[in-house]
Amino acid sequence: QFLRLTRILRLQRLLRQEGFTRIFGKVEAYRLRIAEIVFSVMSILYICSGLTYDAEHLVNPDFQTFFDSLYFAVCSLTTTGFGDVVP
């Protein structure tokens, strides 16, 4: 299951290869860097949500779906911490 989650990291290579410029045309360097950073944060969020779901859904009734885990990861990443879901 974990290896399935890491497939998303293949897309990260797209931003660094010439294929990206062929698809989207010429892009300024700073915009490409911003896209890399945003994609990196989203990839980490997605992978951590999947790992949290795998670890918690059997023992914690608050993690019923992947999106519950995604909500928990977003709240944890932004340090909001509503306190309604805890691992």
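**Figure 1. Aromatic pairs in the predicted model.** The structure holds 3 aromatic pairs, where rings of Phe, Tyr and Trp (its six-membered ring) pair if their centres lie within 6.5 Å, and planes under 30 degrees apart count as stacked, over 60 as edge-to-face and the rest as tilted. The rings of Tyr46 and Phe66 form an edge-to-face pair, because their centres are 5.6 Å apart and their planes stand at 65 degrees. This pair links distant parts of the chain, with Tyr46 in helix H4 and Phe66 in helix H5, 20 residues apart. The rings of Phe66 and Phe67 are also edge-to-face, since their centres lie 5.8 Å apart with planes at 75 degrees. The model is predicted: local features need pLDDT of at least 70 and side-chain atom pairs count only at pLDDT 80 or more, whereas totals for chains, interfaces and linings use all residues. Residues are numbered from 1 along each chain as its sequence is written, and side-chain values use heavy atoms, with hydrogens and water left out.

Figure 2. Phe67, at 60%, is exposed.

**Figure 3. A nonpolar surface patch that includes Val38.** Tyr30, Ile34, Val38 and Met42 form this patch, and together they have about 420 Å² of accessible area. Patches are made of residues with over 30% relative accessible area and no salt bridge, like charges being joined within 9 Å and nonpolar side chains (Val, Leu, Ile, Met, Phe, Trp, Tyr) within 5 Å. A salt bridge is a side-chain nitrogen of Lys or Arg within 4 Å of a carboxyl oxygen of Asp or Glu. Accessible areas come from the Shrake-Rupley method with a 1.4 Å probe; for residues, only the protein chains shown count as cover. Val38 lies in helix H4, residues 29-56; helices (H or I, at least four residues) and strands (E, at least two) are DSSP runs, numbered from the N terminus. With 47% relative accessibility, Val38 counts as partly exposed.

**Figure 4. Asn60 in the loop between H4 and H5.** Asn60 is found between H4 and helix H5 (66-77). At 11% relative accessibility, Asn60 counts as buried. The C-alpha atoms of Asn60 and Val85 are 9.6 Å apart in space, while the two residues are 25 apart in sequence.

Technical notes. Buried < 20%, exposed > 50% of the residue type's maximum accessible area, 1.4 Å probe, protein only.
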